[in-house]
Amino acid sequence: AALMGKGKYDVNVITCHLGNGCSMAAVKQGQSVDTSMGLTPLEGLVMGTRTGDFDPAILFYLADKGYDIKALNALCNKKSGLLGVSGVSNDMRNLEEIASQGNERAMLAIDIFCYRIKKYIGAYSAVLGGADCVVFTGGIGENSVLVRSKICEGLKGIGIELDQGLNK
């Protein structure tokens, strides 16, 4: 709000806290009205090792394949997300390096990560009736030029444009 020369109760903001753990919030005139997390951090965004949103029926399918509750918990919280998709790392810095060398699973992990955030931005923009800004925080949000660029690509239709020069 200060950067825009407005009061904190005069703006609608979408916050994207992106690190090994991730969450987003829709903030309407200074009040959080929605968040990507549920009862636990498992709901919401794809994270370093957490699934993020998924069809809960997958748990029944996996149980039928022999997974017990302890294994399902470990799979959803410790072996999924960026690590599970890429098969190599839950660290975005490593994934960007590996993806730049042509590793398709690392590229897919980055693409899924960015797509899910973009999807939440669209939903939160609708909830807020438009956003004055998108704020990126956390290790990935603050440091990944690639991730910010991929997330904001194609959002001009809802009034979000990223200045690529400032992004770098």
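Student: Which residues of helix α7 are buried?

Tutor: In this predicted model, α7 spans residues 145-152, and its buried residues are V147, R148, S149, I151 and C152. To read such a label, look at the relative accessible area: buried means under 20%.

Student: What follows α7?

Tutor: G154 does, and its phi is positive, near 85°.

Student: How should I read a nonpolar core?

Tutor: Start with the general idea. In soluble globular proteins, nonpolar side chains tend to be buried together. Here the largest nonpolar core has 31 residues. Those with the most contacts inside it are I14, C16, L18, M24, F113, I117 and I121. At least two core residues come from each of β1, β2 (22-28), α4, α5, β4 and α7.

Student: Which element gives the most to this core?

Tutor: Helix α5, with ten residues.

Student: What does F113 touch?

Tutor: Leaving out residues up to four places away in sequence, F113 touches L18, C22, V46, L82, M92, I140 and V147. One of these, V147, is a buried residue of α7.

Student: Where is F54, and is it buried or partly exposed?

Tutor: F54 is in the loop between β3 (31-35) and α1 (57-64). F54 has a relative accessible area of 32%, so it counts as partly exposed.

Student: Which residues make a nonpolar surface patch?

Tutor: F54, I58 and Y61 make one of about 270 Å². A residue needs over 30% relative accessible area to be part of a patch, and F54 has 32%.

How values were computed: Residues numbered from 1 in each chain as written. Predicted model: local features only at pLDDT ≥ 70, side-chain atom pairs only at ≥ 80, totals over all residues. Heavy atoms only, no water. Patch = residues over 30% accessible without salt bridge, like charges linked within 9 Å, V, L, I, M, F, W, Y side chains within 5 Å. Areas by Shrake-Rupley, 256 points an atom, 1.4 Å probe, with all protein chains shown as cover. Salt bridge = Lys/Arg side-chain N within 4 Å of Asp/Glu carboxyl O. Helix = DSSP H or I, 4+ residues; strand = E, 2+ residues; numbered from the N terminus. Buried < 20%, exposed > 50% of the residue type's maximum accessible area, 1.4 Å probe, protein only. Core = buried A, V, L, I, M, F, W, Y, C linked by side-chain atoms within 4.5 Å. Contact = heavy atoms within 4.5 Å.
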